[in-house]
Amino acid sequence: MKRKAKYRIVTIQREMLYVGDEVDHTLTLTAMEGEAIEYQKGVAGEFVSRRSVGFHDRIKGSGPMQGYAVTTFEEGQVYSRYEGQRDAKNKTTTGTWKTYKGVGKLKNIKGQGTFKVSSGTKPDEYILEIDGDYEL
């Protein structure tokens with residue numbers, strides 16, 4: 001089944017190190033939490049929370065990123081791995097995601113798709129848009 005969702009995500013922890021090989025090259029670990037803005041209620045019930053942990057390798061604001069996300073619903077959780085690319089010029093990150101584990105009513109979930117992250121209206125706030133296909 002095709003599904004789309006939109007989340008407001010906020011950085012709750014960030015650790016950044018400068019590499020030093022060229023100007024503005026950083027490695028950053030982030031932890032983010034989110035709330036649903038738009039989503040379709042599924043077999044696992046209402047949305048409860050979303051948490052992700054990611055690694056970013058950027059030069060002047062652009063570069064690859066990867067990480068893991070846990071999305072919790074009333075009657076289950078889904079675990080996903082994602083990877084993408086940040087474009088400093090248009091201030092967006094795009095990439096792909098794939099589920100690797102489910103719990104509760106989502107224990108047999110399989111899914112994959114694409115995502116886009118853009119800046120929100122507040123500091124450390126972002127809008128995450130997810131599009132994908134799922135099987136239970």
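**View 1. Tyrosine 100 at 48% relative accessibility.** Tyrosine 100 counts as partly exposed because its relative accessibility is 48% (buried is under 20% relative accessible area, exposed over 50%, partly exposed in between, with a 1.4 Å probe and protein chains only). This is a predicted model, where local features need pLDDT of at least 70, side-chain atom pairs count only at pLDDT 80 or more, and totals for chains, interfaces and linings use all residues. Residues are numbered from 1 along each chain as its sequence is written, and side-chain values use heavy atoms, with hydrogens and water left out.

**View 2. The phenylalanine 47 and phenylalanine 73 pair.** Searching the whole structure turns up eight aromatic pairs (ring centres of Phe, Tyr or the six-membered ring of Trp within 6.5 Å; planes under 30 degrees apart are stacked, over 60 edge-to-face, the rest tilted). One of them joins phenylalanine 47 and phenylalanine 73 edge-to-face, at 6.1 Å centre to centre and 80° between the planes. Phenylalanine 47 sits in strand β3 (residues 47–59) and phenylalanine 73 in strand β4 (residues 63–73), 26 residues apart; strands are DSSP runs of E, at least two residues, numbered from the N terminus. Phenylalanine 47 is buried at 15%, and phenylalanine 73 is buried at 16%.

**View 3. Tyrosine 79 meets tyrosine 100.** Here the ring centres are 6.2 Å apart and the planes at 55°, so this pair is tilted. Tyrosine 79 belongs to strand β5 (residues 76–87) and tyrosine 100 to strand β6 (residues 92–104), so the pair ties together parts 21 residues apart in sequence. Tyrosine 79 is buried, at 17%.

**View 4. A ring cluster.** Tyr7, Tyr39, Phe47 and Phe73 are linked into a cluster by ring pairs.

How values were computed. Helices (H or I, at least four residues) and strands (E, at least two) are DSSP runs, numbered from the N terminus.
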